[in-house]
Amino acid sequence: MGSMQGFAPATPSAHDHYSGKRSLGEPRAIDMVVPCPVRDWTPAVTSDEAAAMRSALERGNVLHFPGLDFPLDVREQRFLDARWSDGKTKNINLRATETRVRGAVGQPADLRDLATLIERYAGAAERLVLALFPDYGPHLKRAGTSLRPAEIAGRPVSWRKDDTRLHVDAFPSNPLHGQRLLRVFHNVDPDAPRVWRIGEPFADFAERFVPKTRGLLPGQSWLMHKLHITKRLRSEYDHRMLQLHDLAKADLVYQRTAPQQTFEFAPGATWVVFSDQALHAAMRGRAMMEQTFYLDPAAVADRTHSPEAVLSRILNRPMLPAQR
Ligand code: SIN
Ligand code: FE
């Protein structure tokens with residue numbers, strides 16, 4: 001890997017790049033994207049470089065690897081087309097414990113090739129994370145991998161599912177109990193950039209919206225589990241995170257006026273982010289691959305910025321039971 005020159009992680013809150021002059025109604029500009037000169041899925045980095053990247057990541061920045069390509073061979077390029085999606089979900093998914101893709105239509109041979117491609121991406125993403133953050137290794141669990149071969153812009157979805165609105169990731173049926181969501185994204189489209197908006201640091205966002213959230217009612221978590229609304233008991237942490245997701249998406253004034261930046265991830269770019277922490281919105285783009293990892297929060301070195309710590313600080317009590 002080359003030198004880390006120009007590697008200047010953005011610091012949340014007080015130290016955002018502040019564009020002094022701005023006209024009324026224009027959101028405050030921020031810079032949450034940290035460029036990293038990694039060009040290999042198993043990169044050799046010095047411990048200083050790795051520490052700088054890890055600290056930027058844990059503070060909620062987006063690590064951007066503009067030179068980290070994941071080339072498709074000629075036969076794989078046919079999969080960059082929305083016709084492979086079964087229409088029910090826009091994503092073609094491979095679960096960590098399965099060998100067959102979900103959400104795709106095609107001949108058995110095509111579906112096998114699709115699974116091979118997605119599996120190859122999962123392996124590359126895992127090697128990257130393990131090489132950059134070896135301390136995460138024992139606490140890291142591979143979750144789903146997806147190929148998203150459909151244009152984002154102009155999709156009709158309900159506001160809650162509308163990922164063109166700034167949000168943090170949180171799932172109604174899948175309580176995570178503080179497990180972190182680490183995601184490795186790659187723009188696999190040869191021509192179109194993937195255009196994201198990236199929002200303010202999580203603590204600033206939480207200070208605005210946490211007072212509007214509620215705790216669980218007695219018996220609510222039990223009942224939701226009993227009715228199979230959730231896969232396991234929902235913790236207060238999950239309950240509040242879900243409300244934060246919804247409150248952000250429902251607030252069009254926040255969407256328009258909150259501190260934010262628009263960033264174009266070029267074809268062939270890779271980026272890594274804690275998506276439960278970094279506010280993000282996907283505005284445009286044609287084809288992306290994505291790997292999700294669950295990370296035990298104990299592996300995070302600087303936990304003061306993690307959503308659980310921020311929520312507990314604002315509400316002045318732990319969001320998770322002491323024993324899990
Ligand atoms: C999201 O995680 O909100 C969507 C990311 C994307 O499709 O680029
Ligand atoms: Fe998201």
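Rings of Phe, Tyr and Trp, the last by its six-membered ring, count as a pair if their centres lie within 6.5 Å; planes under 30 degrees apart are stacked, over 60 edge-to-face, and the rest tilted. By that criterion the structure holds 16 aromatic pairs.

Before I proceed, a word on conventions. This is a predicted model, in which local features need pLDDT of at least 70 and side-chain atom pairs count only at pLDDT 80 or more, while totals for chains, interfaces and linings use all residues. Residues are numbered from 1 along each chain as its sequence is written, chains are lettered from A and ligands numbered from 1 in written order, and side-chain values use heavy atoms, without hydrogens and water.

Let me turn to the aromatic pairs. Phe 185 and Trp 271 are stacked, because their ring centres are 5.7 Å apart and their planes stand at 20°. Phe 185 belongs to strand 5 and Trp 271 to strand 8 (residues 270-274), 86 residues apart; strands here are DSSP runs of E, at least two residues long, numbered from the N terminus. Both Phe 185 and Trp 271 are buried, meaning under 20% relative accessible area with a 1.4 Å probe, protein chains only.

Trp 196 and Phe 265 have centres 5.6 Å apart and planes at 85°, so this pair is edge-to-face. Since Trp 196 lies in strand 6 (residues 194-199) and Phe 265 in strand 7 (residues 260-265), the contact ties together parts 69 residues apart in sequence. Phe 185, Trp 196, Phe 263, Phe 265 and Trp 271 form one aromatic cluster.

Trp 196 brings us to ligand 1. What are the residues around ligand 1? They are Arg 148, Asp 163, His 167, Arg 194, Trp 196, His 280, Ala 282 and Met 288, each with a heavy atom within 4 Å of the ligand. Strand 6 and strand 9 each supply at least two residues of this shell. A polar side-chain atom of His 167 lies 2.9 Å from an oxygen atom of ligand 1. Taken alone, ligand 1 exposes 260 Å², of which the protein buries 95%.

Finally, the metal. The iron ion, ligand 2, is coordinated by His 167 (NE2), Asp 169 (OD) and His 280 (NE2), at 2.1 to 2.2 Å; donors are N, O and S atoms within 2.8 Å of the metal (3.2 Å for Na, K and Ca), and with water not among the atoms, sites may look incomplete. The spacing in sequence is H-x1-D-x110-H. Asp 169 sits in the loop between strand 4 (140-148) and strand 5 (180-187), and His 280 in strand 9 (residues 280-284), 111 residues apart. Asp 169 and His 280 are both buried.

Definitions and conventions: Helix = DSSP H or I, 4+ residues; strand = E, 2+ residues; numbered from the N terminus. Buried < 20%, exposed > 50% of the residue type's maximum accessible area, 1.4 Å probe, protein only. Polar contact = N/O pair within 3.5 Å; in protein donor to acceptor, adjacent residues only side chain to side chain. Areas by Shrake-Rupley, 256 points an atom, 1.4 Å probe, with all protein chains shown as cover.
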